[in-house]
Amino acid sequence: MIKRVHLTVSVVLAAVIAMSGCGTTKPGNAKSSPHSASTAGSSSTVGARRADSGSPTGENADARPALPTERSTPTPSPSVTRPLKDGTAVLVHCADADDPYTTAVVRNPNGREGTFGLKIHYQDAHGFTMGETYEQVLVAAKGRERVRVAAASLGPIDEISRCEVSPRATAVH
């Protein structure tokens, strides 16, 4: 009869421990303690129960959700450089015998300075293209720059009757 009562008490005690969650280890909460390592046999259940009894719900104290240690701050993305929009060019003066330079104005529509390519075509009285020049001009943000281009390399300046400036000043960089 004593064996039966002892066995019944052990089964009931094991059932109570299992139902309360005591003595079970949840994933991520496994810990080694001197009580569980040194107790063996029938007293291991009591040792596990003693270690877990500090919590009112019967769970491990380590089972509480972890509080954030640091707030993450967004890392600044590298600045993205957008390509420059093309500028505009307007002819002011065509080269002639009195002034052997062609003058044009280049405008920059962008919010930052940039270099723009300027093309000028030269024609004689018959409409024949004598040549063309290409200049790169640095223009401030939202600014304009006056450019003088020498036309002497095209041939006799007195034969130039017409200059054409390409209205689009191509953004170089």
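The following exercises treat a predicted model of a protein chain.

**Exercise 1. Confidence**

Task: State the mean pLDDT of the protein chain and find what share of its residues reach 70 or more.

Solution. Step 1: the mean pLDDT, which expresses the predictor's confidence in each residue on a scale from 0 to 100, is 75 for the protein chain. Step 2: 54% of the residues reach 70 or more. Step 3: over residues 29-55 the pLDDT is below 50. In the model, this stretch has 16 contacts beyond near neighbours in sequence.

**Exercise 2. The order of elements**

Task: Determine how many helices and strands the protein chain has, and in what order the elements run from the N terminus.

Solution. Step 1: the protein chain contains 3 helices and 7 strands. Step 2: read from the N terminus, the order is α-α-α-β-β-β-β-β-β-β. Step 3: consider contacts between residues at least 6 apart in sequence; 67% of them join residues at least 24 apart.

**Exercise 3. Burial and surface**

Solution. Step 1: a residue counts as buried under 20% relative accessible area.

**Exercise 4. The largest nonpolar core**

Task: Identify the residues of the largest nonpolar core that touch the most other members, and the strands that each supply at least two residues.

Solution. Step 1: recall that in soluble globular proteins, nonpolar side chains tend to be buried together. Step 2: the largest nonpolar core has 19 residues, of which Val 106, Leu 118, Ile 120 and Tyr 122 touch the most other members. Step 3: at least two residues of this core come from each of β2 (101-107), β3 (114-123), β4 (129-139), β5 (144-150) and β6 (162-165). Step 4: β3 provides the largest share, 4 residues.

**Exercise 5. Strand pairing**

Task: Describe how β3 pairs with β4, and how β2 pairs with β1 and with β5.

Solution. Step 1: β3 and β4 are antiparallel and pair over 10 bridges. Within this pair, Ile 120 lies opposite Thr 133 in β4. Step 2: these two strands form a hairpin with 5 residues between them. Gly 127, in the turn, has a positive phi of about 90 degrees. Step 3: β1 and β2 also pair in the antiparallel sense, over 5 bridges; Leu 91 has Ala 104 in β2 as its bridge partner. Step 4: β2 and β5 pair in the antiparallel sense over 7 bridges, with Val 105 opposite Arg 146 in β5. Step 5: because 5 of the 7 residues of β2 are buried, this strand is largely enclosed by the rest of the structure.

**Exercise 6. The disulfide**

Task: Locate the disulfide and explain why it is right-handed.

Solution. Step 1: the structure holds 1 disulfide. Cys 94 and Cys 163 form it, with their sulfur atoms 1.8 Å apart. Step 2: the torsion about the S-S bond is about 65 degrees, and therefore the disulfide is right-handed. Step 3: the pair links distant parts of the chain, 69 residues apart. Cys 94 is in the loop between β1 (87-93) and β2, whereas Cys 163 is in strand β6. Step 4: Cys 163 has a relative accessibility of 9%, so this residue counts as buried.

**Exercise 7. Residues in loops**

Task: Decide whether Asp 98, Ala 97 and Lys 142 are buried or exposed.

Solution. Step 1: the cut-off for an exposed residue is over 50% relative accessible area. Step 2: Asp 98, in the loop between β1 and β2, is exposed because its relative accessibility is 76%. The C-alpha atoms of Asp 98 and Ile 157 are 9.4 Å apart, although 59 residues separate them along the chain. Step 3: Ala 97 is found in the loop between β1 and β2; its relative accessible area is 63%, so Ala 97 is exposed. The C-alpha atoms of Ala 97 and Ile 160, 63 residues apart along the chain, are separated by 9.0 Å. Step 4: Lys 142 lies in the loop between β4 and β5 and is exposed, with a relative accessible area of 62%. Step 5: most residues other than glycine have a negative phi. The phi of Lys 142, however, is positive, near 55 degrees.

Key:
Residues are numbered from 1 along each chain as its sequence is written. This is a predicted model: local features need pLDDT of at least 70, side-chain atom pairs count only at pLDDT 80 or more; totals for chains, interfaces and linings use all residues. Side-chain values use heavy atoms; hydrogens and water are left out. Contact means heavy atoms within 4.5 Å. A nonpolar core is a set of buried Ala, Val, Leu, Ile, Met, Phe, Trp, Tyr and Cys residues joined through side-chain atoms within 4.5 Å. Buried means under 20% relative accessible area, exposed over 50%, partly exposed in between (1.4 Å probe, protein chains only). Two strands pair if DSSP finds at least two bridges between them. A disulfide is a pair of cysteine sulfur atoms within 2.5 Å.
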